[in-house]
Amino acid sequence: MDVVLFNDQYHSLVNIIKQSESPAEFEQHWTEVMETTELGNNEWLSSMYEIRSRWVPSYVKHVFATGMTSSQRSESGHSFLKKYVDKKNSLTDFITRFNRALAHQRHAELVANHIDINEKPRVFSAFMMENQMLQIYTKKIFLLFQKEIEQSHFYTCSKRTSLDDVKVYTVQRFEPGNSFDRQRQVTYCTSSDCISCSCRMFDFDGYPCRHMICYMKIKQVMLLPDKYILRRWTNHAKQAPVFDQTTGLSVDNSSGHSLMSRHGMLAHAASELVDDASLTDARSTFLLGEFQCLRIRVKDIDSGGDIGMSRNKTREEIQVIRDPNPVKAKGCGKRLKSGKEKALSQSSRQCRACGNSGHDKKTCPTLQNRLDNTLPLQYPHNAPDPHYSYDAPNPQYSYDMSDDRFTSIDNSNYDAAVGFFSNQYPFP
């Protein structure tokens with residue numbers, strides 16, 4: 001189609017395809033567009049109209065297709081495999097990449113199952129049906145169903161006709177001028193106790209639409225009946241046994257318990273055990289060792305070993321490989337020093353008493369020897385205390401230049417000795 005000439009007609013055709021609820025309605029609007037435009041002679045549109053029952057939603061909405069279109073399943077498969085394989089891959093490389101794609105897909109499925117079990121979305125209303133389906137639906141389907149509940153508050157329901165055991169109600173959005181103000185027909189059959197809507201969302205997608213929910217609220221149906229809950233959208237959809245197509249026998253021989261049900265049961269028990277053991281270090285160490293022993297025993301069961309013998313094994317008999325002791329890496333624990341700090345640490349300070357390096361004045365060995373040989377005074381070279389009183393009963397000393405010592409003198413020469421010492425060694 002020419003984009004410039006048929007731009008308006010393109011949007012009209014899209015609306016007809018998506019908004020038509022019955023084949024008769026689709027054909028009527030399609031014919032009107034073809035007559036009012038120059039598209040009636042388009043060969044491609046004519047060929048697509050001939051096979052309209054294969055791709056127009058109004059022809060197939062009565063068939064449950066999980067909301068997928070005619071080609072969506074194959075296109076999604078192509079989009080998924082295109083991320084892993086390429087036409088240039090060899091056969092061996094293709095098998096490796098294909099197995100990797102399956103592994104990633106199964107991992108994504110396990111993640112989704114974990115989310116459905118442990119994570120619950122928020123509830124935005126006090127409607128009992130919303131709380132009910134929160135526990136039943138998977139997270140992805142519940143979010144879609146929650147949106148329908150939210151939109152149902154903007155619709156009104158009124159009775160239209162009643163014939164025998166069939167009652168027809170009109171459900172319409174009460175906001176004037178809204179694009180979603182189209183009337184929908186909700187039909188209730190009293191004999192079969194079933195509700196159906198003209199939008200056929202429940203038949204095509206598998207969960208109730210906003211129009212059916214609006215009717216249920218008018219009739220004060222607070223909980224969704226089981227007939228409107230498809231098992232494939234629930235959390236326990238995989239708990240049913242799986243049968244082989246060739247033999248017709250059950251693949252799982254565990255009395256109806258599937259892999260995910262066993263995984264969920266064990267995960268719940270292990271989670272409670274881990275919560276109790278993680279409170280202290282002693283419990284955590286003990287449980288970690290027991291887990292390693294149990295893992296070896298479980299493998300012995302799969303290999304055909306005796307369960308009783310594996311249960312009676314002690315921890316000393318089982319060779320457990322533990323993590324090595326942590327070793328500090330090179331340079332770990334050392335503070336980085338600047339260039340100035342490195343220069344100061346490399347240059348050794350000299351002693352103020354003897355002039356040698358490696359010690360200071362307080363720990364000088366030369367000064368210590370001199371103090372031991374004379375009086376135990378705290379000043380260098382056995383110097384007298386300059387503040388010592390003259391009239392105190394303390395012998396006075398004079399400085400001898402020959403042996404660098406103070407000798408006993410009288411009080412007359414004390415001032416000269418103190419002055420000489422002060423000039424050589426200033427008082428701190």
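Arg184 and Glu21 are both buried. Keep that in mind as you work through this predicted model, in which a search of the whole structure finds seven salt bridges.

**Exercise 1.** Which parts of the chain does the pair Arg184 and Glu21 link?

*Solution.* Start with the contact: the two side chains form a salt bridge, with N to O at 1.7 Å. Next, place each residue. Arg184 belongs to strand β3 (residues 184–189), while Glu21 sits in the loop between α1 (7–19) and α2 (23–36). The pair therefore links distant parts of the chain, 163 residues apart, and it counts as a salt bridge because the cut-off is 4 Å.

**Exercise 2.** Why does the pair Glu27 and Arg52 tie together parts that are apart in sequence?

*Solution.* First, check the contact: the side chains of Glu27 and Arg52 meet in a salt bridge of 3.3 Å, N to O. Then locate the partners. Glu27 is in helix α2, and Arg52 is in the loop between α3 (43–50) and α4 (57–60), so the bridge joins parts 25 residues apart in sequence. Finally, look at accessibility: Glu27 is partly exposed because its relative accessibility is 28%, which falls between the limits of 20% and 50%.

**Exercise 3.** How many residues apart are Arg97 and Asp93 in helix α6?

*Solution.* Begin with the salt bridge between Arg97 and Asp93, whose closest N and O atoms are 3.2 Å apart. Both residues lie in helix α6 (residues 91–118), and they are four residues apart, so about one helical turn separates them. For accessibility, Arg97 is partly exposed at 27% relative accessible area, and Asp93 is partly exposed at 28%.

Technical notes
Residues are numbered from 1 along each chain as its sequence is written. This is a predicted model: local features need pLDDT of at least 70, side-chain atom pairs count only at pLDDT 80 or more; totals for chains, interfaces and linings use all residues. Side-chain values use heavy atoms; hydrogens and water are left out. Helices (H or I, at least four residues) and strands (E, at least two) are DSSP runs, numbered from the N terminus. Buried means under 20% relative accessible area, exposed over 50%, partly exposed in between (1.4 Å probe, protein chains only).
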